[in-house]
Amino acid sequence: MVNIGFIKMGNLGMSQVINLIQDEIAAREGITVRVFGTGAKMSPAEAAASESFKQWNADFVVIISPNAAAPGPTAAREIWKDVPCIVISDGPTKKEAREAFEKDGFGYIILPVDPLIGAKREFLDPVEMASFNSDALKVLSVCGVVRLIQEELDKITGQVASGKSGKELELPHIFAKPEKCVEHAGFANPYAKAKALAALHMAEKVAQVNFPACFMLKEIDQVCLTAAAGHEIMGAAAQLAIQAREIEKSNDTVFRQPHAKNGNLLKKVTLYQKPE
């Protein structure tokens, strides 16, 4: 049995399903998943609380949070450095910082396409937050990010199942730019793939728009207008993702990759095809 732990600090679009993607119909054998979550907050205090999760003895853990270079996620890595650990985050985007993760023994999947929300009280309420995250997840799922992460986590799970542990595990070191993500989406139609790539680029742009609204602008009209613009970009990106999948559906070429009970990846393309 492979024990997989997920530590959720704060929230990314990917946080919503990260612990579900290796067992999508709750029928997979050979893995057990547990989640330690800190809600929306991600301070060093939340990181310290995660130490109690060590009692579960995970074979490897995934720490998912916004901005992995922030104090909270940094404190969490210090706590979990003695356990094989993969960092999933929207940053840091600088090569030197990612290389430091690798040097310290951490795996990482950095997602600049997982967008920064317009987190200002003047603009954001629970409904707006949920709507934004649903748009983000539509892009992350259809355009290849979910499958990229699923495949990488499956590789580590397979290593543990084969008898490897600790420092023997080969952890991923991936900077997931739009072009890399879309290659995992399995599009057959080039126009569908182009729409998905455009959606990923738009999602990456959202953070550039929302960052000033969150951390720089002061006047309420500027804050609200800028955050609203970022959220409109995200909504438009979600529509492109929907269009891309509709093209594939119209051609009966939607690529699916379900798990068998033993964890092997099966494949199918046409709707009535049996996964093999």
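1. The lining of the largest pocket is made up of 19 nonpolar, eight polar and three charged residues. Here Ala, Val, Leu, Ile, Met, Phe, Trp, Tyr, Cys and Pro count as nonpolar, Asp, Glu, Lys and Arg as charged, and the others, Gly among them, as polar.

2. The model is predicted: local features need pLDDT of at least 70, side-chain atom pairs count only at pLDDT 80 or more, and totals for chains, interfaces and linings use all residues. Residues are numbered from 1 along each chain as its sequence is written, and side-chain values use heavy atoms, with hydrogens and water left out.

3. The largest pocket holds about 1100 Å³ of space. Of its 30 lining residues, Pro66, Asp90, Leu116, Ile117 and Phe215 are the closest to the centre. A pocket is an open set of points on a 1 Å grid over the protein atoms alone, where a 1.4 Å probe fits, with protein on both sides within 12 Å along at least five of seven lines; lining residues have an atom within 4 Å of a point. Points are joined across faces, edges and corners, and the volume is the space filled by probe spheres set on them.

4. Helix H7 (190-215) gives the most to this lining, six residues. Helices are DSSP runs (H or I, at least four residues), numbered from the N terminus.

5. The second largest pocket has a volume of about 580 Å³. Ser141, Val146, Arg147, Arg245 and Phe255 are the closest to its centre among 22 lining residues. Its lining comprises 11 nonpolar, six polar and five charged residues.

Key
Helix = DSSP H or I, 4+ residues; strand = E, 2+ residues; numbered from the N terminus.
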